[in-house]
Amino acid sequence: MSEPHPVITVLCPTDPDVELRTPPGLDSLREQAQIRITDPEHLAEDISGSHVLFLWDFFSEAVQQAWPHADSLQWIHVAAAGVDTLLFDELADSSVTVTNAQGIFDRPIAEWVLGAVLAEAKDFAGNYRNKTQKRWDHRETKRAEGAQAVIIGTGAIAREIARLFSAVGIEVIGAGRTGRDSDEDFGVVVPSGSLEDHVGEADIIVNAAPLTPATEGLIGPVTLAAVKPGAHLINVGRGASVNEEELVKALREGPLGFASLDVFTEEPLPQDSPLWQLDNVMISSHMSGDVLGWKEALADQFLANARRWLAGDQLFNVVDKTKGYVPRH
């Protein structure tokens, strides 16, 4: 008698109006695996007997509540680059492998960051305001070439940002867990624990770091007080890496000149947040990596990894659960 097929459970959003509520292409696995489609309400029931969990609903916190029922689980794949929502202590201490969507969002987010830099330097917002008022306002803008940038994070997204910055003549250094004098993309990497010692020369500060205990609240009053007057802060990492109360103060009173924000402590950003009222802030709805075809790309990535798992091969994008990200080899 043949062995029963392994069970792959797919956690999908509850909202039926969500585009691509279930990932495309799952039928291609049905000859080798049993596919269960579930939602947060029914995950505790459906995770029992499951060998693989695919978090298509990638920000769901339902896994921790369902964890006591995960009696056969071997692998969790998250359709996102960040895994901070997922890595509760019991999972981190378990033998369950976690993989993520590294590689899907690198270039789109880097393009968004470069676009934010150019939009601020060339005052595109001012051009738009003038257009709505039919106002001709000739003025000078800034050059991107020659600007200095500190990129917080040394992962794949941060490296793609560094490469695009270098292509237009922006000088970069990285900030990571440990410093080093030589790096192929950043040139120099400084310790993020001493960020305040390095942001004073930077025209642009980009947070592209995963959320870990070391990066939570990293950009707070000490760092913000040390930034170069008029500096541009860009956050595409996690909202909790920035102290929003201190950020508002630094934008209102200085020294910070501008902020381009794609992520926030609370999402959607509350209507009463003072960030909405500041003219020197660009707000984006956590969409910097969401380009046309991104959901199909996420599904294809999982299918490729699932075929490797079914064949007994090594998975790619394996997260170091003690660090919260995929280590660079």
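Pro268 lies in the loop between strand 12 and strand 13 (281-283), where helices (H or I, at least four residues) and strands (E, at least two) are DSSP runs numbered from the N terminus. The peptide bond between Glu267 and Pro268 is cis, with omega about -5°.

Before going on, the basis: this is a predicted model, in which local features need pLDDT of at least 70, side-chain atom pairs count only at pLDDT 80 or more, and totals for chains, interfaces and linings use all residues. Residues are numbered from 1 along each chain as its sequence is written, and side-chain values use heavy atoms, with hydrogens and water left out.

A cis bond also runs from Gly254 to Pro255, with omega near 10°. Pro255 sits in the loop between helix 8 (244-253) and strand 12 (258-261).

Next, positive phi. Lys134, not a glycine, has phi near 50° and is found in the loop between helix 5 (124-132) and strand 6. Lys134 is exposed, at 80% relative accessible area; buried means under 20%, exposed over 50%, and partly exposed in between (1.4 Å probe, protein chains only). His286 has a phi of about 45°, in the loop between strand 13 and helix 9. His286 is partly exposed at 24%.

Now the core. Which residues touch the most other members of the largest nonpolar core? They are Ile161, Phe165 and Phe302, out of 48 residues. A nonpolar core here is a set of buried Ala, Val, Leu, Ile, Met, Phe, Trp, Tyr and Cys residues joined through side-chain atoms within 4.5 Å. A second, separate core has 28 residues, including Val227 and Phe264.
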